[in-house]
2 protein chains.
Amino acid sequence: MSNKSSTAMQGTALWQKQPKANAELFALTYGALVSELVRDLETPAEIQEQLDSMGHSIGVRCIEEYLAKQDSMTAGTPSFQESAATVQIVYRMFLGIVTETAAGAAVSTTEHNPDSVYSISFTDNPLALFVELPSTGPLVDLEYSQLLCGWMRGVLEMLQFDVVVTVEKSTLRGDDTNTLQVELKQVLQQGAGEDYQEE
Amino acid sequence: MSNKSSTAMQGTALWQKQPKANAELFALTYGALVSELVRDLETPAEIQEQLDSMGHSIGVRCIEEYLAKQDSMTAGTPSFQESAATVQIVYRMFLGIVTETAAGAAVSTTEHNPDSVYSISFTDNPLALFVELPSTGPLVDLEYSQLLCGWMRGVLEMLQFDVVVTVEKSTLRGDDTNTLQVELKQVLQQGAGEDYQEE
């Protein structure tokens with residue numbers, strides 16, 4: 001069995017065991033959250049920062065649950081590029097969606113080391129079922145699904161990767177798919193913290 | 001087949017056909033929404049008012065989708081007490097939970113006409129999977145799941161019933177079940193609005 005189909009099967013098995021909510025109600029509740037932030041904050045940048053921060057907390061919760069369900073004998077420590085497969089499983093388990101990954105930058109540039117970048121793509125965005133962004137005004141540039149960037153950041157932080165996640169393509173902006181690019185900033189040390197600093 | 005089992009079967013069939021999200025992610029997203037309101041608003045009353053208003057919008061969306069899926073030949077116009085069965089189906093379809101209904105006031109008083117009150121109860125609250133309310137401070141009295149009151153108000157408004165929904169029991173407050181009481185204020189007229197007012 002290829003790694004790819006193994007990843008897909010693991011993700012599907014975990015998804016099937018998860019308790020379910022209604023996807024439309026979930027999307028509407030996320031919409032209420034974004035609307036609330038739009039009401040309270042001044043700029044798209046501030047709204048996105050808040051969504052990113054919320055996503056981070058939720059991502060940490062999700063990956064902790066995923067890791068708790070893994071057989072510790074087989075878990076091992078993935079390399080950064082291998083972490084893409086884990087991220088795909090966690091997407092399937094918590095967002096219910098099948099994703100594609102590709103190594104290297106989504107938009108080819110010379111500024112990235114190809115080993116420290118990958119992208120995740122998916123056709124249907126479960127957060128944005130009923131959403132149309134305004135075509136004018138300050139919210140034109142709002143990254144509606146920024147929560148997913150923070151969510152991936154939280155997931156990867158627990159796998160010891162400090163990353164930057166950016167939206168490269170978005171169906172809300174008329175692209176044919178949704179693509180998030182993940183770039184490694186640094187590999188975190190296990191147990192890094194005050195004790196580690198003092199050594 | 002009894003009406004009760006017919007209601008349960010209809011609700012289950014609709015639930016099974018709905019697209020699904022992860023219930024834990026849904027609960028965490030709702031938690032992020034409540035936290036955001038806690039940060040921005042002063043009092044539990046203001047937070048609840050906002051949750052109620054969001055719930056109303058979402059409830060209107062949900063019942064419209066439910067009604068669109070009904071066979072218009074069999075839909076008919078329910079009486080207020082009959083609307084409890086519709087509410088149960090909509091709970092199952094959108095929240096995935098099985099509810100119990102009881103005619104009359106949840107807490108027996110002389111102030112309600114028993115025909116104009118019923119209650120809905122459910123053991124597991126899908127909004128509150130990971131929640132513990134603080135035991136001291138201003139949020140002790142927060143009705144965390146007030147969104148559900150607004151949601152029911154939205155659902156019943158589309159069935160032409162103007163209602164008041166109140167939380168009578170809450171597992172978050174240590175009760176053994178969650179009970180929402182629905183009281184009829186007035187039956188709305190089909191198409192009531194400016195045209196109607198002018199007659």
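This is a predicted model: local features need pLDDT of at least 70, side-chain atom pairs count only at pLDDT 80 or more; totals for chains, interfaces and linings use all residues.
Sorted by class, the lining of the largest cavity is made up of eight nonpolar, four polar and three charged residues.

The second largest cavity holds about 70 Å³ of space, and here I can give you the whole lining, which consists of Phe122(B), Asn125(B), Glu143(B), Ser145(B), Gln146(B), Leu148(B), Val167(B), Lys169(B), Ser170(B), Asn178(B), Thr179(B) and Leu180(B). The elements of chain B that supply two or more of these residues are α6 (146-158), β4 (161-169) and β5 (178-187), and the largest share, three residues, comes from β5(B). By class, the lining of this second largest cavity has four nonpolar, six polar and two charged residues.

Staying with chain A for a moment, I would like to point out Leu172(A), which sits in the loop between β4 and β5 of that chain. Once its neighbours within four places in sequence are left aside, Leu172(A) is in contact with Ala128(A), Val131(A), Leu133(A) and Tyr144(A). As for Leu129(A), it is 43 residues away from Leu172(A) in sequence, with 9.8 Å between the two C-alpha atoms.

Now to the interface. How many residues of each chain are in contact with the other chain? There are 30 residues of chain A in contact with 30 residues of chain B, and between them the two chains bury about 2900 Å², of which 67% is on carbon and sulfur atoms. On the side of chain A that touches chain B, the elements that each supply at least two residues are β1 (20-22), α2 (23-40), α3 (44-69) and α5 (83-95), with the largest share, 13 residues, coming from α2(A). By class, that side of chain A has 19 nonpolar, four polar and seven charged residues. Although charged residues are found on that side, the count of salt bridges between chain A and chain B is zero, whereas the rule for polar contacts finds seven residue pairs across the interface, both residues of each being at pLDDT 80 or more.

Next comes the open space, where the largest pocket has a volume of about 960 Å³. It is lined by 36 residues, and the closest to its centre are Thr7(B), Glu82(B), Ala85(B), Thr86(B) and Ile89(B). Several elements of chain B give two or more residues to this lining, namely α1 (3-17), α3 (44-69), α4 (72-75), α5 (83-95) and β2 (100-103), and the largest share, eight residues, is that of α1(B). By class, the lining of the largest pocket has 15 nonpolar, 17 polar and four charged residues.

Key
Residues are numbered from 1 along each chain as its sequence is written. Chains are lettered from A and ligands numbered from 1 in the order in which they are written. Side-chain values use heavy atoms; hydrogens and water are left out. Ala, Val, Leu, Ile, Met, Phe, Trp, Tyr, Cys and Pro count as nonpolar, Asp, Glu, Lys and Arg as charged, and the others, Gly among them, as polar. On a 1 Å grid over the protein atoms alone, a cavity is a set of points where a 1.4 Å probe fits but cannot get out, and a pocket is an open set with protein on both sides within 12 Å along at least five of seven lines; lining residues have an atom within 4 Å of a point. Grid points are joined across faces, edges and corners, and a volume is the space filled by probe spheres set on the points. Helices (H or I, at least four residues) and strands (E, at least two) are DSSP runs, numbered from the N terminus. Contact means heavy atoms within 4.5 Å. Buried area is the accessible area (1.4 Å probe) that two parts lose on being put together, summed over both. A salt bridge is a side-chain nitrogen of Lys or Arg within 4 Å of a carboxyl oxygen of Asp or Glu. A polar contact is a pair of N or O atoms within 3.5 Å; within protein, one must be able to donate a hydrogen and the other to accept it, and residues adjacent in sequence count only if both atoms are side-chain atoms.
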